[in-house]
Amino acid sequence: MRRPFASVLSLVARMNTLILKPGKEKSLLRRHPWIYTTAVAKIEGKPASGATVVVRAADGRFLARAAFSPVSAIRARVWTFDEQEPVDHAFFKRRVTTALEYRRQMIHNTGATRLLFGEADGLPGLIVDRYQGEGAGATDQLVCQFMAAGVEAWKDAIVGALVGATGCPNVFERSDAAVREREGLPSLTGVLAGEAPPETLVTHESGVKYYVDVRRGHKTGFYVDQRDNRLLVQQQAAGRDVLNCFCYTGGFSLAALAGGAASVMSIDSSGDALAIGARNVELNGFDPARAEWRDADVFKTLRALREEGRSFDMIVLDPPKFAPSAHHVDRAARAYKDINMAGLKLLRPGGQLLTYSCSGAIDADLFQKIIAGAASDAGVEARILRRLSAGLDHPMLTSFPEGEYLKGLWLQRT
Ligand code: SAH
């Protein structure tokens with residue numbers, strides 16, 4: 001006997017359903033997009049990795065449509081809270097188009113833009129950066145990180161939507177972040193569409209050119225999130241002696257040189273990153289004599305500089321994530337305090353410190369407390385000129401404070 005179409009649909013819907021424990025619907029009603037394993041009472045059907053499931057409260061109420069993740073502690077991530085919105089090709093097209101339109105309105109004077117920033121753009125686990133060069137025939141490259149089962153399952157639809165909406169034919173995948181393991185997904189890198197990227201491509205930001213290694217560099221190759229902060233350094237650097245710690249490929253160093261810094265010392269423990277930094281100086285035609293690159297450990301070098309009696313007008317501290325999770329907060333706090341104490345002691349009176357944490361587990365208030373402790377223990381009086389954050393292409397949802405990872409303080413030693 002043939003089933004009526006509607007009852008087939010309802011059967012399919014019933015097959016892939018997560019039913020939450022009583023009370024566990026609260027965070028979803030506040031539009032928080034994650035469903036933890038511990039919140040799930042029952043799974044109906046046998047959803048595959050990345051399959052769309054309907055999420056229901058214990059009383060059967062519809063809450064959301066979400067992507068199922070069989071291995072992760074985050075069992076599902078919400079695609080939509082709208083019962084009328086199906087998750088199909090058109091859904092991904094809409095999400096991509098909306099994200100792109102926002103960047104078109106808000107992001108200017110740069111070739112390096114975050115087009116999609118995961119949850120904040122309604123696509124949990126997906127990061128897409130675009131690198132463009134200047135002039136005809138210049139670089140146009142998308143670099144994607146698929147970091148959750150849902151976006152992994154919809155990869156083809158997403159890549160198609162991206163190519164269609166941007167007109168950029170070249171898409172490279174850098175799904176080699178450690179979080180993939182927690183999703184039960186293999187590490188993947190390679191071309192998803194168009195041409196393979198060159199060894200290093202050239203992009204630009206605030207009038208400065210940068211080489212970017214999208215194949216092997218950190219994240220998608222460049223710290224797009226620090227754009228506004230690099231511009232701040234560019235505006236403040238004239239005539240100053242600048243120290244850039246954890247410089248990677250020299251983002252802040254180049255900004256300082258572009259702003260007319262008298263000298264810039266840059267420290268990083270990655271020789272490959274430093275080599276690109278030095279090439280960036282050449283690419284922009286800046287005086288290499290004003291730029292010193294040190295392949296060294298920042299913790300040790302800060303102490304050594306103090307012993308040498310060195311001092312600076314402006315210091316940037318942009319370390320890697322010291323606290324990968326909440327378990328590491330205490331140790332991370334000590335590390336942040338350590339480098340900030342050392343940095344503050346190297347500042348001349350009136351000098352400026354730009355200090356950052358990209359640890360999601362350390363919020364802005366805790367970070368400020370750590371810095372206050374560092375100043376106090378260093379015996380230095382400092383004032384906060386401004387709180388700093390990532391650029392407008394990294395927005396965060398009010399319902400998802402976890403999305404705020406980069407926080408910074410612009411300080412002045414009095
Ligand atoms: N400020 C950079 C991004 C920094 S990423 C920018 O805007 O582009 C963090 C950098 O810290 C990485 O390049 C890494 O190689 C470096 N690093 C990590 N631990 C270090 C240490 N102990 N000493 C020196 N560099 C370190």
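Helices here are DSSP runs of H or I with at least four residues, numbered from the N terminus. The model is a predicted one.

1. Gln234 lies in helix α7. Its relative accessibility is 18%, and buried means under 20%, so Gln234 counts as buried. Leaving out residues up to four places away in sequence, Gln234 touches Ser206, Val208, Ala255, Ala258 and Gly259.

2. The largest nonpolar core has 38 residues, of which Tyr131, Val214, Phe222, Val233, Ala256, Leu354 and Tyr356 touch the most other members. Two or more residues each come from β7 (112–117), β8 (126–132), β13 (208–212), α7 (227–236), α8 (251–258), β17 (312–317) and β18 (347–357). The greatest contribution is that of α8, with five residues. Because domain 2 (89–201) and domain 3 (223–413) both supply residues, this core lies between them.

3. Beyond its neighbours within four places in sequence, Phe222 is in contact with Ala112, Tyr131, Glu205, Tyr210, Val212, Arg230, Tyr248 and Thr249. Another core, of 35 residues, lies apart from the largest one; Leu243, Phe246, Leu344 and Val380 are among its members.

4. An open sheet of seven strands runs in the order β16-β15-β14-β17-β18-β20-β19, with mixed pairing. Its edges are β16 (291–295) and β19 (382–389); each has a single partner strand, so one side of each is left without a neighbour in the sheet. From one strand to the next, the twist averages 15°.

5. The pairing of β19 with β20 (residues 407–413) is antiparallel and extends over seven bridges. Arg387 stands opposite Leu409 in β20. Helix α11 (residues 329–346) packs on the sheet, where it touches β14 (241–245), β17, β18, β19 and β20. The direction of α11 makes about 155° with that of β18.

6. Is strand β9 (residues 140–146) largely enclosed or left open by the rest of the structure? Seven of its seven residues are buried, so β9 is largely enclosed. In a regular strand, side chains alternate between the two faces of the sheet. Both faces of β9 are covered, with Asp140, Leu142, Cys144 and Phe146 buried on one side and Gln141, Val143 and Gln145 buried on the other.

7. Two pairings of β9 complete the note. With β8, β9 pairs in the antiparallel sense over seven bridges, and Asp140 in β9 is the bridge partner of Gln132. With β10 (residues 171–175), β9 pairs in the parallel sense over three bridges, and Leu142 stands opposite Val171 in β10.

Note on methods
Residues are numbered from 1 along each chain as its sequence is written. This is a predicted model: local features need pLDDT of at least 70, side-chain atom pairs count only at pLDDT 80 or more; totals for chains, interfaces and linings use all residues. Side-chain values use heavy atoms; hydrogens and water are left out. A nonpolar core is a set of buried Ala, Val, Leu, Ile, Met, Phe, Trp, Tyr and Cys residues joined through side-chain atoms within 4.5 Å. Buried means under 20% relative accessible area, exposed over 50%, partly exposed in between (1.4 Å probe, protein chains only). Domain bounds come from an automatic or database domain assignment. Contact means heavy atoms within 4.5 Å. Two strands pair if DSSP finds at least two bridges between them. Axes are lines fitted to C-alpha atoms, for helices over the stretch in contact, and angles run from 0 to 180 degrees between N-to-C directions.
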